[in-house]
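This report concerns a ligand site and the helix packing beside it. Please consult the sequence and structure shown here.

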Amino acid sequence: MQKQKPFSLFFLSILIMMVMIMISGSDGQVLINSTCKTFSKNDPNIDYNFCTTSLQAAPASQCATRQGLGTIAIRLIRYNVTDTRCHIKQLLKNRKWDPYVRQCLSDCLELYSDAIPSVKAAMKNFNARRFDDANVQISSIMDASTTCEDGFKEKKGVVSPLSKRNGDTFQLSAVALSVMRMIQTESQAD
Ligand SMILES: *[C@@H]1O[C@H](CO)[C@@H](O)[C@H](O)[C@H]1NC(C)=O
Ligand SMILES: *[C@@H]1O[C@H](CO)[C@@H](O)[C@H](O)[C@H]1NC(C)=O
């Protein structure tokens, strides 16, 4: 019986180490959860679950700082915008669209094409902590997603084939704007 003691101590210390690793590994998750909670409380455009699922799915998000979360949000916008632009191009290859919808899709293609340089510039400005400039660019992307969606709404009976994508881009932009606002407020408080 006495011989087992060193072993159980050994396992106990391994257990403690694992718990410590788990606790430190969830630091990022705590930051994501608390940040998203504040955002969804302050901004009706941000859904808590959308915010946490989006941010935590990104690589390295578990170790992210507030600045890191901003980078992640902007990167997600970039993926979304790039993918949506490509998707619209594919949709336009289909000949069955009625002329009104086709025109809307063309307008959206233009909006999303313009959004790509905007998101790249926003990332540069964000990294250089030029938050006001980054804010203008992210806001323009947010506007692009609503303008695209509203185009379809102007004619009765037309259903936007881009609702989910426009909604995602809109919300991700709202998240990125909130991160910047939070960083700015915190640095002013220093
Ligand atoms: C963060 O929130 C998610 C869902 O909202 C929850 O499942 C998770 O346990 C939370 N994590 C931490 C570390 O608070
Ligand atoms: C856009 O971003 C959201 C949130 O990260 C994600 O759920 C969605 O799959 C993305 N869409 C595309 C087309 O990349």
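## Basis of the model

The model is predicted: local features need pLDDT of at least 70, side-chain atom pairs count only at pLDDT 80 or more, and totals for chains, interfaces and linings use all residues. Residues are numbered from 1 along each chain as its sequence is written, and chains are lettered from A and ligands numbered from 1 in the order in which they are written.

## Shell around ligand 2

Ligand 2 is surrounded by S54, L76, Y79, N80, D83, T84, R165, D168 and L172 (C-beta atom, placed from the backbone, within 6 Å of the ligand). The largest share, five residues, comes from α4.

## Largest nonpolar core

This core is a set of buried Ala, Val, Leu, Ile, Met, Phe, Trp, Tyr and Cys residues joined through C-beta atoms within 7 Å; a residue is buried if 20 or more other C-beta atoms lie within 10 Å of its own. Among its 42 residues, A73, I77, V175 and A176 touch the most other members. The largest share of the core, 10 residues, comes from α5.

Leaving aside residues up to four places away in sequence, A73 touches L55, L172, V175, A176 and V179 (contact: C-beta atoms within 7 Å).

## Helix α4

The buried residues of α4 include A73, L76, I77, N80 and T84. Its buried residues pack against α2, α3, α5, α6 and α7.

Notes. Helices (H or I, at least four residues) and strands (E, at least two) are DSSP runs, numbered from the N terminus. A residue is buried if 20 or more other C-beta atoms lie within 10 Å of its own, exposed if 12 or fewer, and partly exposed in between; C-beta atoms are placed from the backbone. Two residues are in contact if their C-beta atoms, placed from the backbone, lie within 7 Å.
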